[in-house]
Amino acid sequence: ITKWIPLTDSPLPTRDLSLADRFDDEMKYREQKNVETVQENEEFEIEDVTSTEFQIVDSVSKMFKILSLMTPSTEKRDEFQKWEFIAEWQNLSEEEKFKNYDEFYSHELNLFLYFKDKTFFDRYVVEYLRNKMEKTLVDKFLLQEDLSSYLAVPKLDKYNYLELVLLLLQTKQIGDSVKCRNLAKKIATECKPTD
């Protein structure tokens, strides 16, 4: 059974949702992607929450996904995707880890293992690095050898950003905060590192 009940004809309340201030037609506008790094327990204020999209990246897996989305070209994205195994490194079997290590051996992978899988690094990578005939700055950092000879002023310009960061890290680990601050200042003002 259906019963029709007529409603009184009253206007629906509406609200104007158009922009209060129009964009200037003479100006050019574009969307901007910006990445801010916030450390644990560090405060960060988002000035305009209504027009900001944010995501908390608290795992290697999330980081990899975000970086993949931010990679501009399809060709570079495809190359980047080959490294997807690092996002699930902790879930890989020993055999899968060896297979990937063998295929993607590099300073970058060694650094990842040094910081994220110290057991694997200590068990398998350290001996290989110790036996290299010519060790690089990165190799020596990973083996926790003294890098002070690399701190000579004329030499700093020949290092890339990664190598400079490793020099800073070791200086900080040694506990020489004055030398660390001076090195950071020198890098920021004088160096134009290679890519």
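1. Helix 3 passes helix 5 in a right-handed crossing. This is a predicted model. The axes of helix 3 (residues 94-104) and helix 5 (residues 118-130) come within 13 Å and cross at roughly 55°. The two helices are therefore oblique to each other.

2. On the helix 3 side, the contact is made by Glu94, Lys97, Phe98 and Tyr101; helix 5 contributes Phe120, Arg123, Tyr124 and Val125. Five of the residues in this contact are nonpolar and three are charged, with no polar ones.

3. Aromatic pairs number 18 in the structure. In one of them, Phe85 and Phe104, the ring centres are 4.8 Å apart and the planes stand at 35°, so the pair is tilted. The pair links distant parts of the chain, 19 residues apart: Phe85 lies in the loop between helix 2 (74-81) and helix 3, while Phe104 belongs to helix 3.

4. Buried means under 20% relative accessible area. Phe85 has 11% relative accessibility and therefore counts as buried. Phe104, at 13% relative accessibility, counts as buried too.

5. Tyr114 and Phe121 form an edge-to-face aromatic pair, with 5.3 Å from centre to centre and 80° between the planes. Tyr114 and Phe121 are both buried.

6. Which residues do ring pairs link into a cluster? They are Trp83, Phe85, Trp89, Phe98, Tyr101, Phe104, Tyr105, Phe112, Phe120, Tyr124 and Tyr128. Among them, Phe98 and Tyr101 of helix 3 and Phe120 and Tyr124 of helix 5 also take part in the helix contact.

Terms used
Residues numbered from 1 in each chain as written. Predicted model: local features only at pLDDT ≥ 70, side-chain atom pairs only at ≥ 80, totals over all residues. Heavy atoms only, no water. Axes fitted to C-alpha atoms, helices over the stretch in contact; angles between N-to-C directions. Helix = DSSP H or I, 4+ residues; strand = E, 2+ residues; numbered from the N terminus. Parallel < 35°, antiparallel > 145°, perpendicular 65-115°, else oblique. Left-handed = near helix turned anticlockwise from the far one by under 90°. Contact = heavy atoms within 4.5 Å. Nonpolar A, V, L, I, M, F, W, Y, C, P; charged D, E, K, R; others polar. Phe/Tyr/Trp six-rings, centres within 6.5 Å; stacked < 30°, edge-to-face > 60°. Buried < 20%, exposed > 50% of the residue type's maximum accessible area, 1.4 Å probe, protein only.
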